[in-house]
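User: I'm new to this one. Can you walk me through it, piece by piece?
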Amino acid sequence: MPYLGGEETVRELRRALSNPNVQSDPLRYRNTILKVIRTMSQGVDVSGLFSEMVKACATVDVVQKKLVYVFLCSYATLNPELSLLVINTLRKDCQDPNPMVRSLALRNMTNLRLPSLVEYVEQPLTAGLRDRAACVRRVAVLGWAKLHNLHPSSEIDAAVVNELYSLLRDPDPVVMVNCLRALEEILKEEGGIAINKPITHHLLNRLKECDIWGQSEVLRVLQRYRPQSEDELFDILSLLDSFLVSPHPPVMAATLSLFLSISSNLPVISLAALERVSGPLLAACGSGSREMRFAAVCHIQLLLRSVPGLLGPHYKRFFCGYAEPAYIKERKMQVLVELVNDENVAMILDELKGYCTDVNTDTAQAAISAIGRIGRSYSDRCLQILTGLLGLKQDHITSAVVQTMRDLVWVCPQCSDTVCLALDGCEETLQDIQGRQALLWLLGVYGERISTAPYTLEVLIDRVRSEASLGIKMELLTATMRLFLCRPAETQDMLGRLLHYCIEEETDMCVRDQALLYYRLLHCGIEKTREVLQGRRSDPSLGVLIGRPAKPVSQWARCFNTLEPLSQGAVEAESDRSDSAMRCSDSSTNVLASSIAVDCAWIEECVRCPAVLHCSPQSLQAAMQLVNIQTLAFTPQQMLPWRVYLYTHTQLRVSEDGQEEEEGIKVILNQQPKDDDALRQFLTILITVLNTLGDTGQAQVY
Amino acid sequence: MISQVFILSSKGDHLIYKDFRGGAGNDIVSIFYEKVTALTGDQPPVVMNHKDIYFVHIRQGGLYWVATTTAGSSPFTITEFLNRLAALVKDYCGSLSEKSVQMNFALIYELLDEIVDYGYIQTTSSDVLKNFIQTEAVTSRPFSLFDLSNVGLFGAETQQSKVAPSSAATRPIQSSREQGGKSEIFVDVIERMTVVIGSNGLLMKADVEGEIRVKCYMPSCSEMRIGLNEEFSIGKSQLRGYGAAVRVDECSFHQAVRLDEFDSHRILRLCPSQGEQTVMQYQLSDDLPSALPFRLFPTIERDNGGRLLMYMKLRCDLPPKSAAINVCATIPVPKGSVSLSQELSSPDQSAELKPQSRAVVWKIARFAGGTQLSALFKLEVPSLSSASMLEVGPVGLSFELPKITATGLQIRFLRLSPIQPGPSQRWVRYVTHSDSYTIRI
């Protein structure tokens, strides 16, 4: 039996193609060629039929020609010698009286992508630039760009560049836009086409003739232009004003980009443009195409960074439709959170509450965390909803609620009473790791107010042998330690059991190291332990929702109308930075690294602490976390000097760059704003931790 | 700039693959499909990337329409392009489906060749394209009762023949060439409603997005004039008198529309090109002129046997002569609902429990205006608690209201000038869809 798309099929097709009977019947011939293309687009390799297809190319039937060209362009690179045979036919077609045939031949000649054929192509291309028919000129102009990219290193003929520049004045708008595109590619090394005043004004005047694709292209290229005077700037802006409210999102977005880039030092203008564009953007949010909606919502998020109140009255536009895909719902909720104010908070919370029980667990969890974000300003209403949700006793909802509560308590310590009351009984429903970790953290930090805390922990400690997750074990250790400090009588016994298990039986080095660290810490006395362990339990300085300062437009103008706002994680990085400092995400690393600004204090200090070299980065990270220092990044272990970047956020921002050499650690501190006392304090804590770690490290080396 | 365009079926079959810039491996399609299938849920994000190749895709007609591009490209342009491509394919092939794309792949390659050159969009205007596209569309016409309705009973001019069969507008535009005489023009007023009704029955939000679409099968048509209601007004300030003004908040027009008679007589003038185009778009928020089409009166309680009783009364407030079709209410129910027993007020309804989407789906094929239907659903939920009631609702309603516009926009007349030689038919159709019609419980 022949396999589908196997060699048998190719052989069959070859037989049919070379059959004189088939060749003499145009309809059968064309159908056979159709079959070849169909097989090709199904992913079968039909390159073996190349020579037969070359023969089929010589025909008067335009449809057949087009089909053969589809084939030839796909396989030409595999058969450079045979492709030479096609060139003749193509060159003959370039002389055809029918402009459609000429443009077709020219386009496919340049699409073969064979460097060896360049010499044959140049002459017809030059002729094509002066062709009577616009459709041939369009193809010829782009043809030069294709040719150039085959030999990117080769010197391009100055005459051609000049001709392309002069074709910017071609009567056909598509030829004009294609010239722009071709010159951008050919002159890439020189920074693209020279955008001077005459060219700019010429392009702007002809903008109305172009279709929406041409308009967006021209507007994009013009972003490089800098008007020479304020008058000129305002002339351009008023000329473009009608494009700003275009019903076509591509044109609207490209115009706004241009506005933002040429008026970058006139913030008033930028803000006015943002206001003007909000109408069409909102319309795009209700577009019939959900992908377009998504793009619009993502860009609205950018706008809101600079003008938080911009869309306040239109918050209802961001209510989710029940059939909308999860990715739109998630973004819409993020926008809703930004738009909350005293008048609409009840409506928005009511709406969000409905999403919390969504079938899609991602949507439900996003809704719950959105409520948590609103809770930073309206904590009572939100906590009421969150506590209500716990009653559902569903694992994914409970997990999201507990995590949200942890984040909320970190920012608003006044919520802790309600949260402590609500937590009772959650441990039975919680299944996933993040949720249980959040619960453990809350139990540790607010243990003295949750009457059942020791018993909850005890159950977990009894089951620690069957616990698979590393994170849970570490969190359990810390929580038990913290609880021990405030309720020693109830906890002492179980802490002993837990430490014993972790030090004697646990196989994971991270957990073991941490347990050893605690064990030694306890040896240093209860006061010392308290100092290290009872760090801060909240950070009210982190983002209040309302009255957040507006960020300058320039911060995001660069990525407006690109794919960046639509990618996943773009928003996460943004929110993580203001989110709780308990967790540290990789995505915020470069944000922080770059935000270490000029006016900050630098201190260099050497600490003698050889043993740190031997301890694993994970245990260093764990130890640092106890004192609320975040490890941002470290170099691979074999690298010398080994570096680790730390970061902490107290009342001040201190960031540290430790450089380890053979016998000592060089600590470079970098602080913003300057405060020497805090810096000294930080250094002492750091040294204590490093020394403690050093002891553990030696124990590990034996 | 677009590097490649490909069309995949929902099962991942390669239907169309076109590489504009060269240099990318053939495995790019499989990389995309792997990314799509690796995700849980059926809704992959619009933009995904693999190293520095970005995939932008849309879903239409159950197919993935994908373009690969670079990070700096405009998402609006790429999505709009893919939407436009899908619309063109629909125009040329008659309908959008895996089958029609498969049968017309040669035509689609030809289209792509003309639309995009070297990754740059050249033109998407069907007026320009019709000169270049030579391949004829292949259509599969399934046997349909609608075709029979065209035959006419005993040659009599029945009432039926005044209604265009619903399949009339799903044919390729080019077929008008050889069918010759049958030149038709369809003007559709399509509105989408987004409504949220609070649990107290108050209207929380009502939006209408509408558009006038012209679908033209005329080989040549010099000018068309569309007359809207004379009392049509835009924006809040223009409200005048006590008449039943038809008002929209915002309104935008296709570039080709000339508006010189719009201010005085509400007439749109345009020269339609072949195929489908949106002539006018408008929006209205919060202030609907007519009553909402549906009201729901739910009663939900627990009986002592651990069952959940949902008594639903649904009232259709359309004018008595009109009716809603394909009404479907989705009622989310508590997790763990095992079985459903139902009492429906009339036999043409149906309801079933969909455990996967955790909802009861109540379907009504036709719902006449001014009537009321009721249903009693008894759900067996083993772990029913008082908190489970939180999980019931909000109810999502989807429906179609033929011959009705929510804004009241009407087309007064449709004139073609010069008068077309030969028989030409003009159709005006109105329909209101539910975009999202949510009733909280």
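User: Lys332(A) and Glu324(A): buried or exposed?
Analyst: Both Lys332(A) and Glu324(A) are buried. Buried means under 20% relative accessible area, exposed over 50%, and partly exposed in between (1.4 Å probe, protein chains only).

User: What do their side chains do?
Analyst: The side chains of Lys332(A) and Glu324(A) meet in a salt bridge, at 2.9 Å from N to O. The term stands for a side-chain nitrogen of Lys or Arg within 4 Å of a carboxyl oxygen of Asp or Glu.

User: What should I know about the model itself?
Analyst: It is predicted: local features need pLDDT of at least 70, side-chain atom pairs count only at pLDDT 80 or more, and totals for chains, interfaces and linings use all residues. Residues are numbered from 1 along each chain as its sequence is written, chains are lettered from A and ligands numbered from 1 in the order in which they are written, and side-chain values use heavy atoms, with hydrogens and water left out.

User: How many salt bridges are there over all chains?
Analyst: The search finds 59. One of them joins Arg213(B) and Glu276(B), at 3.6 Å from N to O. Arg213(B) sits in strand E9 of chain B and Glu276(B) in strand E15 (residues 275-285) of chain B, 63 residues apart. Helices (H or I, at least four residues) and strands (E, at least two) are DSSP runs, numbered from the N terminus.

User: Why does Arg213(B) count as partly exposed?
Analyst: Because its relative accessible area is 25%. Glu276(B) is also partly exposed, with 23%.

User: Now the interface. How many salt bridges cross between chain A and chain B?
Analyst: The rule finds 10. Arg440(B) pairs with Glu351(A), and their closest N and O atoms are 2.1 Å apart.

User: Where is Glu351(A), and why does it count as buried?
Analyst: Glu351(A) lies in helix H19 (residues 345-355) of chain A. It counts as buried because its relative accessibility is 4%.

User: What is Glu351(A) in contact with?
Analyst: Leaving aside neighbours within four places in sequence, Glu351(A) touches Phe319(A), Cys320(A), Val196(B) and Arg440(B). Contact means heavy atoms within 4.5 Å.

User: How many residues of each chain are in contact?
Analyst: 82 residues of chain A contact 82 residues of chain B.

User: And how much area do the chains bury?
Analyst: About 6,700 Å² between them, with 55% of it on carbon and sulfur atoms. In chain A, Trp213(A), Tyr322(A) and Leu563(A) lose the most area to chain B, together 12% of what that side buries. Buried area is the accessible area (1.4 Å probe) that two parts lose on being put together, summed over both.

User: Switch to chain B. How many residues of strand E8 are buried?
Analyst: E8(B), residues 183-197, has 15 of its 15 residues buried.

User: Which strands does E8(B) join?
Analyst: 15 bridges join E8(B) to strand E25 (residues 424-439) of chain B, and the two run parallel. E8(B) also runs antiparallel to strand E9 (residues 203-216) of chain B, with 13 bridges. Two strands pair if DSSP finds at least two bridges between them.

User: Which residues face each other there?
Analyst: Ile197(B) stands opposite Ile439(B) in E25(B). In E9(B), Cys216(B) is the bridge partner of Ile185(B).

User: What about the hairpin of E8(B) and E9(B)?
Analyst: This hairpin has 5 residues between the strands, and Gly201(B) takes a positive phi near 85°.
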